[in-house]
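Here is a short briefing on a single protein chain. Keep the sequence and the model side by side while reading.

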Amino acid sequence: MKKASFRFLSLTALSLLMAACGDRKPREEMNLGEQMDFTITGMEPGSGIAETSRKALAAYDNLEGWEIHESSTAGMLIALDQATKRKEPVIITGWAPHFIFETYDIKFLEDPKNVLGDAEDIHTMARLGLKEDKPEAYAFLENFNWTVEDMQAVMVDAIDVEFEEASETWIEENRDMVESWTEGIDHVDGESFNLVSFPWDTERASSHVVEAVLEELGYKVTTTNVDPAIMFKALAAGETDATVAVWLPTTQAPLIKEYAGQLDDLGVNLHGTQVGYIVPAYMDIDSIEDLPAYVEE
């Protein structure tokens, strides 16, 4: 099993984790919720996952009084890493594909009320008019389609090297697939292309692969990572060309509704993503409904 190495450290996240682990009474007398201070470790407040995760708190009666600490992706990873090293309970909001499923023995909690949504797809979307303006890039983006295993392979390699290198390695090892995306597409001569995404490792993987293939086709590519809300706004305004990072039908549904008719959906580029509450496998619970209700101190 590969050991994760984190490039970013959140002192705030570490302080929160240590505070949450401070026992107010002997640990053996504390229930699971008390051991975690009735806190779920989340990620960036602006993400679709943060919005969806909060809905679960309201939907499940046993989660009344629980809180989600919205930290950052780095903070969430630190909380998971520290807890698993100590074999302590922890709940994070997370998603798959992700390298953590290759690094840690973890599982999604079942969601009987389906608040967090079923397995999702990732869509490719473009600004209106891209098909006419840059038909070669549009044709490639229509063809781009890979699997959870492909994406996760890039993410695992990127634990130890930069995403650019991990993506280039994946492309060379999967040349037949890449050629199926670009077959019959003419090359261009240095035409610019603006790709937009957001800084989840899943999207880093797909965006770097797409960027590298577009450059093989002769484009000069600029990739910008922004908050999802800004990404949709830029696409709708025609300020950027395309993204391969739209999670549907749940995670980014509110943004799709807001910009209905202002984007060109090129279809699914990856099937089978999932969002939810994640716990280490050593925790003896399987469902959100297994979490103990909040109790006053």
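Pro 249 sits in the loop between strand 8 (242-248) and helix 13 (253-258). The model is predicted. The points below cover backbone geometry, helix packing and the nonpolar cores.

**Another cis peptide bond**
- Ala 96 and Pro 97 are joined by a cis peptide bond, with omega about 10°.
- Pro 97 belongs to the loop between strand 3 (92-96) and helix 5 (100-103).

**Positive phi**
- Asp 37 has a positive phi, near 55°, although it is not a glycine. Asp 37 lies in the loop between helix 2 and strand 1 (39-41). Its relative accessible area is 28%, so Asp 37 is partly exposed.
- Asn 114 also has a positive phi, near 55°, and is likewise a residue other than glycine. The loop between strand 4 (106-108) and strand 5 (120-127) holds Asn 114. Asn 114 counts as partly exposed because its relative accessibility is 36%.
- Gly 184, which follows helix 10, has a positive phi near 80°.

**A buried glutamine**
- Gln 35 is part of helix 2 (residues 32-35).
- With 17% relative accessibility, Gln 35 counts as buried, the cut-off being under 20%.
- The Gln 35 side chain reaches the backbone oxygen of Met 30 at 3.3 Å.

**Helix 10 and its neighbours**
- Helix 10 (residues 175-182) has Val 178, Trp 181 and Thr 182 as its buried residues. Viewed down the axis of helix 10, these residues fall within an arc of 90°, so they line one face of the helix.
- The buried residues of helix 10 pack against helix 7 (135-143), helix 9 (163-173) and helix 11 (201-216).
- Helix 9 and helix 11 also pack against each other, at an angle of about 65° and with axes 9 Å apart. Their crossing is right-handed. Residues making the contact include Phe 163, Trp 170 and Ile 171 of helix 9 and Arg 204, His 208 and Val 213 of helix 11.

**Nonpolar cores**
- In soluble globular proteins, nonpolar side chains tend to be buried together.
- The largest nonpolar core here has 71 residues. Those with the most contacts inside it are Ile 100, Phe 140, Leu 141, Trp 146, Trp 181 and Phe 193.
- Beyond its neighbours within four places in sequence, Ile 100 contacts Leu 77, Leu 80, Ile 92, Ile 106 and Ile 278.
- A second, separate core has 19 residues, among them Phe 38, Tyr 60, Trp 66 and Ile 68.

Terms used:
Residues numbered from 1 in each chain as written. Predicted model: local features only at pLDDT ≥ 70, side-chain atom pairs only at ≥ 80, totals over all residues. Heavy atoms only, no water. Buried < 20%, exposed > 50% of the residue type's maximum accessible area, 1.4 Å probe, protein only. Helix = DSSP H or I, 4+ residues; strand = E, 2+ residues; numbered from the N terminus. Arc of directions from axis to C-beta. Contact = heavy atoms within 4.5 Å. Core = buried A, V, L, I, M, F, W, Y, C linked by side-chain atoms within 4.5 Å. Polar contact = N/O pair within 3.5 Å; in protein donor to acceptor, adjacent residues only side chain to side chain. Axes fitted to C-alpha atoms, helices over the stretch in contact; angles between N-to-C directions. Left-handed = near helix turned anticlockwise from the far one by under 90°.
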